[in-house]
Amino acid sequence: MAREWTRLGETLKAGRIARGMEQQQVASEIGVGRGAVRNIEIGQVARVTHTIRAYARLIGWTDDSIERVLDGGEPTVQEEASAGEPVQAVGGQPAAQSDLSLEVQESLRRGPLIKSLVEEVRTPTGRVRATIVIRGEDGQTPEDLLEALRSLDIEITAERDTHSIDKSE
């Protein structure tokens, strides 16, 4: 069965317009350029990407809606939250409370977790935190993931302070 990329783009665009959103707003929310949103909307894509999934989530589609539309069906819109209950965004964070782009939120969900850590660095004007999440690819063996972790060399530097990630943890 042929996939209907133009139909997917038109349906996403209709969902965007129904929510009163401009292309630039969608682009900013999902962390891409306006041209990427335009290409999706005119069907100039050949596979489902994290950007397309982020766009669909932004306009309220359920996770299976993209494939449904590509196969000729209709998207399913997530139920609106009841009064006082926040609508959930990618990663389970309340949509209004997340300041991460949808692209970053989607990336944080993909693949097996190898390591995560938060490093605090003192600066002349206060402290900042660096949050690092390292994920592998689905299907990698535990040995592959361990080798990937061993090969990492991440350093956080702020003027005089240097913090390195201990790869042996």
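Ile154 is located in the loop that joins helix H7 (142-151) to strand E3 (155-158). Here helices (H or I, at least four residues) and strands (E, at least two) are DSSP runs, numbered from the N terminus. The model is predicted, so local features need pLDDT of at least 70 and side-chain atom pairs count only at pLDDT 80 or more, whereas totals for chains, interfaces and linings use all residues. Residues are numbered from 1 along each chain as its sequence is written, and side-chain values use heavy atoms, with hydrogens and water left out.

Ile154 has a relative accessible area of 25% and is therefore partly exposed, a class between buried (under 20%) and exposed (over 50%), with a 1.4 Å probe and protein chains only. Between the C-alpha atoms of Ile154 and Ile132 the distance is 9.5 Å, although 22 residues separate them in sequence.

Helix H2 (residues 23-30) has Gln23, Val26, Ala27 and Ile30 as its buried residues. Viewed down the axis of H2, these residues fall within an arc of 100°, so they line one face of the helix; the arc is that of the directions from the helix axis to the C-beta atoms. They pack against helix H1 (5-18), H3, H4 and helix H6 (102-109), contact meaning heavy atoms within 4.5 Å. After H2 comes Gly31, with a positive phi near 80°.

The axes of helix H3 (residues 34-41) and helix H4 (residues 50-58) come within 11 Å and cross at roughly 85°. Axes are lines fitted to C-alpha atoms, for helices over the stretch in contact, and angles run from 0 to 180 degrees between N-to-C directions. H3 and H4 are therefore roughly perpendicular, the term for angles of 65 to 115 degrees. In this contact, Val37, Ile40 and Glu41 of H3 meet Thr51, Ile52 and Tyr55 of H4.

Methods
Angles under 35 degrees count as roughly parallel, over 145 as roughly antiparallel, 65 to 115 as roughly perpendicular and the rest as oblique.
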